[in-house]
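My entries follow in the order in which I made them.

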Amino acid sequence: MGKLYIKGCFRDFLPFLLLGSEVHAGTKLSNSQGYYLLHKESPGYFQSFFPNKKIIVSVIRDVINRYDHALQALSETEKYPFDENQYAENLFQLIVSNGYLPTPHIAFTIKKKSGVDRVVEQLSFRDLIVQQYLLKVISTVFDRFFEAESIGFRKGVSRQRSIGMIQSAIAEGYQCVIESDIEDFFPSVDLDILEHLLDCSIPQNDVCLKNILLKLIRNGFILNGTYYERRKGLAQGGPLSPILANLYLDSFDEQIKRWGLASHDEDAGTDHAKGGAGNKTAGGNASRGVKLIRYADDFIILTRTKEEAEGVLSDTESYLSTLGLKIKKEKTAIRSLRDGFHFLGIRFERSAVLVEGEDDVKLLRKPLYIVEPYLFLSLNGDAVDLCKNRKVVETIPLRRISEIMVMEKTVFSTALLRKCTEGNIPLTIALGSGYYITTVKPDSKKYYDVSYEHGRKYYSLSETELLCIAKEFAAGKLQNYLALFQQRFRKEQYRFIGELEGVICQMHQAGDVAQVRGLEGAAAKKIYQRLNNFIDDDAFALQKRDRRSPDRMNSLLNLGYYLLFSRINATVRAVGLNPYLGFLHSPQDNYESLVCDIEELFRARIDRFIIRLINLKVVGREDFVETERGLHLEKDAVRKFIDQFESEMEKKGAQGTLSMKEDLYVQTIVLKKWALENGSLSFYRWKI
């Protein structure tokens, strides 16, 4: 039921269409196949409901909710207090009269990992509303065009579909996989080809819709004050770009699918050879088994043999070249399925599929530190804007942020908090000195379920079991300090190393937690005194551990421990554990005692990190300012310290061992599995 549009030259087929419209006169005759009518003038499909003022109003409301600056910007562009209905009416009239003209986008550059600049464009809010509206209009219709093998930027389609497709191919005997992606895809799109595809996809009488789409596609941009016409490429940052990208690559999806279908027919004994380079492998044999899965410009192709894979890869390059595209050589490889491969955060092996959970994906993100005072953090769609004096100084996609750590006086919007909660991004607030205040954590039923199971497990433990776990945390801390002192072994430290080993033995023999804490505290005082043996600059000599009125070394320790605490706290909360259920540190106190327990295991690594900064003169005595509350790092030095801290967190150990960030995460997951799955408890040991 509905309209069927046929485009192209079908003169020879037209008599059969006319005959069918006469013969199929209804559905009641025994030979009837249904009724259809041929129109002399083809009606538009979209013109019956495009444009629509009510839907425009709903899009305006959605944009205002998702972009903090939208309401202010829209109000400033109008001569009256902003009225969404009046604004929708104005847009409606501009669209109907063909008077709508988009404003040039404001472009800026972002460094890729390779160091190459990528141009990202920011739309005016009026154009953003129009693009969101058009996306709502065309997405359902266009989605029907796309192949099942295209799984990116499609509502209701997730990476889970790829799991079933790949498992099915493995069961059918596929042996090899081509991994690749398209180099600089969005900037490389040929707009003439795209316009032709739109012409083929939209009925010719839907003139209004098509004209606006063409204006938006060709809209230029301003970069560093200079206007540039758009000669090629899709605007990165435009809501329409993903669906237009899928439309552009739909013929590629169909071509790969034809190769696979041709193979199936030929295996059955039917000759469907179509000729041309696109239907032959490198060896000249047209028979092949091919399955494609594509997410935007990232794709894999499964084949039965390595020879087929080599031929398909060559033909893939040839076909993409007809679209003005080329594959990224450094990310292209042919692998045996026996060796396994990664795709979309999923590890595929012959007999197993290992899906990275949300927490695993977060390991690839980085914290956002706010160390400059009086910034305003606002939501900009799926990104956060850092604003100062009403100007945006930086825009960061939320998908790249693991947590936000606010260390200075800062204002942030409720819309941003809502988005962070939806995206499982904790927001931690602290004083510039490193004093922790609170963490705004994500919220969900799953989160409370995990927290409940954690609490039930914790309160089921006997006093003896709680004591044993407290001993392990305390002993683990001293064991890791032993690793530090043994790494920098000096003859005069031999006796001290023996003392620490003796304290560890005493801990295991302790009769209560208070005794364990006393042994740990006494050992910590001696450890801090011994750290002076490793420090080259006497200005950083540590007399005693002093948090409230710190000298230079204590100031660095405060900041280092704060960053460590915040990272652990965010991780513990993100996986749903109750951060207040500690063992070594008392759960009765009003602080995150479990976080403090985990922190003890990693203090030695932070101490070594700080000593290296001093000895390598990354931080000097001149980087401190004296205040009523002791010595503190200057702002520029704080930024430098944080950069070095993040590098330390990311740094892999010897022989490819885990980074400190990964070790923190693993320790947290061990505790979670202990709480939820009755898993065994193990404690981090530093292996140098």
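Before reading any angle I noted that axes are lines fitted to C-alpha atoms, for helices over the stretch in contact, with angles running from 0 to 180 degrees between N-to-C directions. Helices (H or I, at least four residues) and strands (E, at least two) are DSSP runs numbered from the N terminus. This is a predicted model, in which local features need pLDDT of at least 70 and side-chain atom pairs count only at pLDDT 80 or more, while totals for chains, interfaces and linings use all residues. Residues are numbered from 1 along each chain as its sequence is written, and side-chain values use heavy atoms, with hydrogens and water left out.

**Entry 1: H18 and H20.** I looked up helix H18 (residues 552–574) against helix H20 (residues 603–615), and found that their axes come within 10 Å and cross at roughly 135°. That makes H18 oblique to H20, because angles under 35 degrees count as roughly parallel, over 145 as roughly antiparallel, 65 to 115 as roughly perpendicular and the rest as oblique. The contact (heavy atoms within 4.5 Å) involves Met-553, Leu-556, Leu-557, Gly-560, Tyr-561 and Leu-564 on the H18 side, and Arg-603, Ile-606, Asp-607, Ile-610, Ile-611 and Ile-614 on the H20 side.

**Entry 2: H2 and H4.** Helix H2 (residues 53–66) packs on helix H4 (residues 84–96) at an angle of about 125°, and the axes are 9 Å apart. H2 is therefore oblique to H4. From H2 I listed Lys-53, Ile-56, Val-57, Ile-60 and Arg-61 as contact residues, and from H4 a set including Glu-84, Tyr-87, Leu-91 and Phe-92.

**Entry 3: the loops.** In the loop between helix H1 (14–23) and H2 I came to Pro-51, and the peptide bond that joins Phe-50 to Pro-51 is cis, with omega near -5°. Asp-184, in the loop between strand S3 (176–181) and helix H7 (185–188), has phi near 45°, a positive value in a residue other than glycine. Most residues other than glycine have a negative phi, and most peptide bonds are trans.

Entry 4: On a 1 Å grid over the protein atoms alone, a cavity is a set of points where a 1.4 Å probe fits but cannot get out, and lining residues have an atom within 4 Å of a point. I counted four cavities of 30 Å³ or more. The second largest cavity holds about 100 Å³, a volume being the space filled by probe spheres set on the points, which are joined across faces, edges and corners. Among the residues that line the second largest cavity are His-105, Gln-131, Arg-230 and Leu-244.

Technical notes:
On a 1 Å grid over the protein atoms alone, a cavity is a set of points where a 1.4 Å probe fits but cannot get out, and a pocket is an open set with protein on both sides within 12 Å along at least five of seven lines; lining residues have an atom within 4 Å of a point.
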